[in-house]
Amino acid sequence: MTGEARDRLKTILIRESLLRGDFVLASGKRSSFYLDVRRTSMHPEGAALCAQLILDELEGLDLAAVGGPVLGAAPLVGAIAAESHRRGTPLPTFLIRKEAKGHGTAKLIEGHFTTEKPVALVEDVVTTGGSVLRALAVARGEGAKVPRMVCVVDREQGGEAAFADQQVEFRALFTVSELLDG
């Protein structure tokens, strides 16, 4: 199933998320393509496939929860929570805000974050890793151990090395090269 699921997700990513044109990325770099992975992670089948494959990449880890930065991780963590429940291994999820909200509980981390056991981070696209590295710093600042980070697509522009520098195992469901090659 994993090979079939991966092939199907690749097809959906190329059809729904790979845009051609002139784009400025979050890193400030220009690109002739843009990966709007939210169009896949918010697609019914795409969300289910992302969750299945990410959970496969987290297999074997004894985790308290899975989370990531708003906005890229939001649809992923919802799908992961549902798929983990469906599998009979419920895994709570959380999101890390860019800044604490100025009302209510004023939390920076929303959801089911705990430091009882390690947590994993997820993200839709990693270029240099900036937003997830910031989320990593927040999670570690709260006392969490983070052994692994999984993204849907690695743009292959330094993210993997940035996580290696932080002693976090980096895994990507796809590299951008795989998607551009069709």
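In which sense, parallel or antiparallel, do strand E1 and strand E2 pair, and over how many bridges? In this predicted model, strand E1 (residues 18-24) and strand E2 (residues 30-35) pair in the antiparallel sense, over 5 bridges. Within this pairing, Arg20 has Phe33 of E2 as its bridge partner. The two strands form a hairpin in which 5 residues lie between E1 and E2. The turn includes Gly28, whose phi is positive at about 95°.

Strands of a sheet pair through backbone hydrogen bonds, in either a parallel or an antiparallel arrangement. An open sheet is formed by 6 strands with mixed pairing, and their order is E5-E4-E3-E6-E7-E8. The edge positions are taken by E5 and strand E8 (169-175). Each of these edge strands has a single partner strand, so one side of each is left without a neighbour in the sheet. From one strand to the next, the twist averages 25°. At the E5 end of the order, E4 and E5 pair in the antiparallel sense over 3 bridges, and Leu95 has Glu110 in E5 as its bridge partner.

Helix H3 (residues 44-58) touches strand E3 (65-69), E6, strand E7 (148-154) and E8. The direction of H3 makes about 140° with that of E7. Helix H4 (residues 74-87) also packs on the sheet, where its contacts are with E3, E4, E6 and E7. For H4, the angle between its direction and that of E4 is about 170°.

Aromatic contacts were examined next. A pair of aromatic rings is described by the distance of the centres and the angle of the planes. The count of aromatic pairs comes to 3. Among them, Phe94 and Phe113 form an edge-to-face pair, with 5.1 Å centre to centre and 80° between the planes. This pair links distant parts of the chain, the two residues being 19 residues apart. Phe94 belongs to strand E4 (residues 93-96), whereas Phe113 lies in the loop between strand E5 (109-111) and strand E6 (119-126). Phe94 counts as buried because its relative accessibility is 1%, the cut-off for this class being under 20%. Another of the aromatic pairs is formed by Phe163 and Phe170, which are stacked at 5.6 Å centre to centre with 15° between the planes. Both Phe163 and Phe170 are buried.

Conventions:
Residues numbered from 1 in each chain as written. Predicted model: local features only at pLDDT ≥ 70, side-chain atom pairs only at ≥ 80, totals over all residues. Heavy atoms only, no water. Phe/Tyr/Trp six-rings, centres within 6.5 Å; stacked < 30°, edge-to-face > 60°. Helix = DSSP H or I, 4+ residues; strand = E, 2+ residues; numbered from the N terminus. Buried < 20%, exposed > 50% of the residue type's maximum accessible area, 1.4 Å probe, protein only. Pairing = 2+ DSSP bridges. Axes fitted to C-alpha atoms, helices over the stretch in contact; angles between N-to-C directions. Contact = heavy atoms within 4.5 Å.
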